[in-house]
Amino acid sequence: MTPASAVINNAHELEGTPLIRVKPYDKFERIAQDKRRGKHSRVERKPADKAWIEAFCRAADPYNAALVRFMFETAARTGQAVSIEPDDLRTAENKVRVKA
């Protein structure tokens, strides 16, 4: 729902297309929909642990391994991690500037 709403709202703002409101399910509607579909729409996700990170890094190429290690150690999001540029690094101080 969220990506579709974002595209619709963006098109409305940029191009003046008709505004379409997308109403999300409330809690009871979501539960009923889950029963009809036979599966849960909100799956509980388990964060990666050190063992998973190590296994991933052994199988991944060096760039993705470094990215995953950095994100795991700093709690940076993907967009923050990939936007880091050389000016954001202070290697002598072991510091990095992570954008908000």
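Modeller: A salt bridge is taken here as a side-chain nitrogen of Lys or Arg within 4 Å of a carboxyl oxygen of Asp or Glu. The model is predicted, so local features need pLDDT of at least 70 and side-chain atom pairs count only at pLDDT 80 or more, while totals for chains, interfaces and linings use all residues. Residues are numbered from 1 along each chain as its sequence is written, and side-chain values use heavy atoms, with hydrogens and water left out.

By that criterion the structure holds 6 salt bridges. One of them joins the side chains of aspartate 88 and lysine 99 at 2.7 Å, N to O. Aspartate 88 sits in the loop between helix 5 (78-82) and strand 1 (89-90), and lysine 99 in the segment after strand 2 (95-96), so that the pair links distant parts of the chain, 11 residues apart; helices (H or I, at least four residues) and strands (E, at least two) are DSSP runs, numbered from the N terminus. For accessibility, buried means under 20% relative accessible area, exposed over 50%, and partly exposed in between, with a 1.4 Å probe and protein chains only. Aspartate 88 is buried, because its relative accessibility is 4%, whereas lysine 99, at 35%, counts as partly exposed. Both residues belong, together with Arg97, to a network of salt bridges.

A further salt bridge is formed by the side chains of glutamate 73 and lysine 50, at 3.0 Å, N to O. Since glutamate 73 lies in helix 4 (residues 62-74) and lysine 50 in helix 3, this pair ties together parts that are 23 residues apart in sequence. Glutamate 73 is exposed at 54% relative accessibility, and lysine 50 is partly exposed with a relative accessible area of 45%.

The side chains of arginine 69 and glutamate 54 also meet in a salt bridge, at 3.2 Å, N to O. Arginine 69 is in helix 4 and glutamate 54 in helix 3, so the pair ties together parts 15 residues apart in sequence. Arginine 69 is partly exposed, at 34%, as is glutamate 54, at 28%.

Arginine 69 has another partner to note: cysteine 57, found in helix 3 (residues 50-59), is in contact with Ala65 and Arg69 once neighbours within four places in sequence are left aside, contact meaning heavy atoms within 4.5 Å. Cysteine 57 counts as buried, at 10% relative accessibility.
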